[in-house]
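Me: I would like to learn how to read a model like this one, a feature at a time. Could you take me through it?

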Amino acid sequence: MAQGSAEDRLIARYFKPLAKHPGAFGFTDDAAAITPPAGHDLVLKTDGLIAGVHFFPDDPAEGVGRKALRVNLSDLAAKGAAPLGFLLAIALPKDFSEEWLAGFVRGLGADADAYGCPLLGGDTDSTPGPISISVAAFGVVPNGTMVKRNGAKVGDHVFVSGTIGDAALGLRVRKGELADTTGYLVSRYRVPQPRTALAETLRAYASAAMDVSDGLVGDLTKLCAVSNVSADIEVVRVPRSEAAERALGSDCELIVPILTGGEDYEVLCTVAPGRVASFQSAAAQAGVPVADIGPIVEGNVPPRFLNPEGQPLTFLQTAYSHF
């Protein structure tokens, strides 16, 4: 006969099987314990998802589980960190579906295994509101090598990984505001691809880095501000998927959500001129496409995003903001 409260049984059934790290103590204690590898720093990150804000309540639960971990892994990758483990806090409505929870745990557990990032502990609660998920992820880097935002220098090249704007357009498809019969854009909105394979390359070659989560324009503005520089970005060089190109071909105004919509979870970084070729070669060996989109320039003004005529675009809102 199952022992303990309903919450105890829920944890035992769904989350204890994910407690594979010895420091999780099989969820028999109040806390976990981990020892970072000698000569390494811990890199800490937390990010969350709320139903109706970061995912649709009827989105596949398995994808929600993957997204909850991946948005955190994306930040660790941009800092050059290798995943070490994570904590999970989840609040569920009292009428939650066990089928939904099983799917969520299935996706979460599959990615925990795939990315070598085991569940160490967490908390479960009930809520009168929507499903709320918070992940605190831990990674490691050799001492003093975390790639910060503030290292960009005048003359550096600005790079982004993958393609930009798919998730923002996927959200519009999900809302019925845009058509994409391939399903690609929605898939990019639902399940991001953290660039963990690029982490070591960033530590070796990048002068500054962050992930693109709130929109390329807004995130590059943050990186430039803390580095006390600016940038001139050629919009035509910002990499876009075939699906995004098709959408843009039917409505040129979609360049705005592509550049500012967020949830790309790609890497934005800067590389010194003398290291560009080595960076590109290492990224190719890691299997991560990267694109050079423009130079870092002098100035204390926001970066300019230039059209093919060399004229700067203007944006009413440069990034997604919760408030």
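Me: Is Thr 46 buried, partly exposed or exposed, and what is its relative accessible area?

Reply: Buried means under 20% relative accessible area, exposed means over 50%, and partly exposed is in between, with a 1.4 Å probe and protein chains only. Thr 46 has a relative accessible area of 47%, so it counts as partly exposed. Bear in mind that this is a predicted model, where local features need pLDDT of at least 70 and side-chain atom pairs count only at pLDDT 80 or more, while totals for chains, interfaces and linings use all residues. Residues are numbered from 1 along each chain as its sequence is written, and side-chain values use heavy atoms, with hydrogens and water left out.

Me: Which residues does Thr 46 touch, leaving out those up to four places away in sequence?

Reply: A contact means heavy atoms within 4.5 Å. By that test Thr 46 touches Asn 72, Ser 134, Val 135 and Ala 136. A polar atom of the Thr 46 side chain also lies 2.8 Å from the backbone oxygen of Val 135.

Me: Where does Thr 46 sit in the secondary structure?

Reply: Helices (H or I, at least four residues) and strands (E, at least two) are DSSP runs, numbered from the N terminus. Thr 46 belongs to strand 1, residues 40-50.

Me: In what order do the four strands of the open sheet come?

Reply: Two strands pair if DSSP finds at least two bridges between them. Here the order is 1-4-2-3, with mixed pairing. Phe 86, for instance, has Ala 137 in strand 4 as its bridge partner.

Me: Which helix packs on the sheet and touches strand 1, strand 2 and strand 4?

Reply: For the angles, axes are lines fitted to C-alpha atoms, for helices over the stretch in contact, and values run from 0 to 180 degrees between N-to-C directions. The answer is helix 2 (residues 61-78), whose direction makes about 140° with that of strand 1. Helix 3 (residues 98-114) lies across strand 2 and strand 4, at about 170° to strand 2.

Me: And the chain as a whole: how many helices and strands does it have?

Reply: Ten helices and ten strands. Of the 323 residues, 49% count as buried.

Key: A polar contact is a pair of N or O atoms within 3.5 Å; within protein, one must be able to donate a hydrogen and the other to accept it, and residues adjacent in sequence count only if both atoms are side-chain atoms.
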